[in-house]
Structures are given as structure tokens and as C-alpha cells.
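Let's take a friendly walk through a protein model together. Have the sequence and the 3D view ready, and look up each residue as it comes up.

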Amino acid sequence: MHSDIVEILFTEDEIAAAVREMGARISADYKGKKLLLVAILKGSFVFMADLIRCIEGDVEVDFMAVSSYGAEAKHSGVVRINKDLEGLVENYHVLLVEDILDSGLTLTYLRKYLRSRNPQSLEIATLLLKEGKQEVPVDCKYVGLLCPDAFLVGYGLDYAERYRNLPYVGVLDPKIYV
Ligand code: PRP
């Protein structure tokens with residue numbers, strides 16, 4: 001375990017099981033439909049890579065890059081689009097892929113933004129959901145793992161761009177960010 005981590009919340013195996021289960025549900029729900037997974041960078045790149053390999057049938061991918069936290073531990077309330085979609089989405093059933101749903105501000109903004117692009121349908125898949133932390137209600141169809149309100153890193157999640165490479169989701173030692 002990395003020395004800056006005080007606890008491993010979800011092991012590699014636990015994450016893999018949750019991703020497999022979600023992939024199976026998505027495969028069944030979108031059978032015969034034109035599915036586009038839109039990963040919200042940077043945090044979701046690891047989850048996206050694993051999830052897409054658990055989905056059977058045709059699926060395409062696109063990416064958006066969004067930042068809201070910067071080097072801060074608290075949401076700034078401002079969502080900035082650093083990279084937009086490459087293609088049109090009118091013909092697709094769009095599934096937004098996120099690593100974590102915390103305040104819900106990012107996904108609330110993105111859902112509104114993507115809905116204005118008129119996809120066939122629009123749903124959200126998040127690996128992690130912080131229980132009780134949403135400042136706005138977010139209707140999230142696929143949730144991998146429920147987690148407590150701690151500062152989490154690993155499996156794509158960062159603090160000041162570090163720790164994304166950890167294969168597990170862990171709780172960061174508070175002395176690193178206070
Ligand atoms: C994280 C995460 C989500 C967002 C969730 O992104 O990847 O996009 O915060 O938080 P919210 O529910 O409170 O809006 P971050 O801004 O840290 O950027 P990153 O993905 O590049 O690490």
C-alpha cells in the first residue's frame with residue numbers, strides 16, 4: 001500500500017467485480033441500440049477502459065475533459081470544459097461514464113449540456129457514489145460502489161494529479177492535503 005494512503009476502501013478485485021456487473025447490465029439494456037460511451041476525463045479513463053471490455057455488442061467511445069476541482073479538495077462550483085465531444089450524438093444512446101459522483105455539480109452541468117445535443121437517450125454510469133454528499137439530486141442509472149465521504153484517490157482519481165495509477169481506491173492521508 002502507498003504510504004500516503006490510510007485505508008484501502010475497494011480492492012482491485014472488488015472494483016473488477018463491480019465493473020463486470022455493470023458491464024453485464026449495460027450489455028443487456030442497450031442490446032441492439034447504438035451505444036456511445038462518453039468518458040469524462042481525466043478521472044474516468046481507467047474505469048472506462050475496464051468497463052468497455054465488459055460490454056458485449058457494438059459500442060463507440062468519445063471523451064470530454066472537464067475540470068472543476070483544480071488542486072483544491074473542495075468543489076469550486078465552476079465546471080470548465082477543456083475538451084468537447086468530437087462527433088454528433090443525435091443518432092446515439094449516450095452513456096456518460098464518470099469515476100465519482102460527489103456534489104453532483106459536474107454531472108448536473110454535463111447532463112444539461114449533452115441533452116442540448118439531442119441524443120436518443122442520455123444516462124449516467126458512475127463507478128463510485130458518495131452517499132449523502134449530493135448538493136443537487138442526480139439521476140444515475142448505473143452505480144458501481146457506494147462510498148463514504150472521504151478523500152478518495154486511485155483507479156483514476158487524483159489529488160493534485162497524483163495517485164491516479166493506484167490499482168485500488170484508497171483514502172488519502174489528511175495530512176497530505178490540509
Ligand atoms: C472529479 C470527478 C468528477 C467530479 C465529481 O473530477 O472525476 O468529474 O470530480 O465531483 P462532483 O460530483 O462534486 O461534481 P475533477 O474535477 O477532480 O477532475 P479530474 O477528473 O480531471 O480529476
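The paragraphs below go from the core to a sheet, and then to salt bridges and aromatic rings. Keep in mind that this is a predicted model.

The largest nonpolar core has 31 residues, and the members that touch the most others are Ile26, Leu128 and Leu152. Which parts of the chain each supply at least two residues of this core? On the helix side they are α1 (12-29) and α2 (45-52). The strands that do so are β1 (5-10), β2 (35-41), β5 (93-101), β6 (121-130), β7 (142-147) and β9 (169-172). Helix α1 gives the largest share, with 5 residues.

Setting aside neighbours within four places in sequence, leucine 128 is in contact with Phe10, Asp99, Ile100, Leu101, Leu145, Cys147, Leu152, Leu157 and Val169. Notice that Leu152, in this list of contacts, is also one of the core members that touch the most others. Apart from this core lies another one of 20 residues, including Val38, Leu96, Leu110 and Leu129.

Next, follow leucine 152 into a sheet. Its bridge partner in β9 is valine 171. Strands β8 and β9 run antiparallel and are joined by 2 bridges. They belong to an open sheet of 3 strands, in the order β1-β9-β8, with antiparallel pairing. Which strands lie at the edges? They are β1 and β8 (152-153), each of which pairs on one side only. As a reminder, strands of a sheet pair through backbone hydrogen bonds, which can be parallel or antiparallel.

Let's turn to charged side chains. The structure holds 12 salt bridges. In one of them, arginine 117 pairs with aspartate 84, and the closest N and O atoms are 2.8 Å apart. Arginine 117 sits in the loop between α3 (105-115) and β6, while aspartate 84 sits in the loop between β4 (80-83) and β5, so this pair ties together parts that are 33 residues apart in sequence. Are these two residues buried, partly exposed or exposed? Arginine 117 has 26% relative accessibility and so counts as partly exposed. Aspartate 84, at 29%, is partly exposed as well.

Another salt bridge joins aspartate 102 to lysine 130, with the closest N and O atoms 3.3 Å apart. Because aspartate 102 lies in the loop between β5 and α3 and lysine 130 in strand β6, the pair ties together parts that are 28 residues apart in sequence. Here aspartate 102 and lysine 130 are both buried.

Arginine 164 counts as buried because its relative accessibility is 14%, and the cut-off for buried is under 20%. Through shared partners, salt bridges join Lys42, Asp158, Glu161 and Arg164 into one network.

Finally, look for rings. The whole structure has 4 aromatic pairs. One of them is the stacked pair of tyrosine 109 and tyrosine 113, at 6.3 Å centre to centre with 10° between the planes. These two tyrosines are 4 residues apart in helix α3, so about one helical turn separates them. Tyrosine 109 is partly exposed, at 36% relative accessibility. Elsewhere, ring pairs link Phe151, Tyr159 and Tyr177 into a cluster.

Technical notes:
Residues numbered from 1 in each chain as written. Predicted model: local features only at pLDDT ≥ 70, side-chain atom pairs only at ≥ 80, totals over all residues. Heavy atoms only, no water. Core = buried A, V, L, I, M, F, W, Y, C linked by side-chain atoms within 4.5 Å. Buried < 20%, exposed > 50% of the residue type's maximum accessible area, 1.4 Å probe, protein only. Contact = heavy atoms within 4.5 Å. Pairing = 2+ DSSP bridges. Salt bridge = Lys/Arg side-chain N within 4 Å of Asp/Glu carboxyl O. Phe/Tyr/Trp six-rings, centres within 6.5 Å; stacked < 30°, edge-to-face > 60°.
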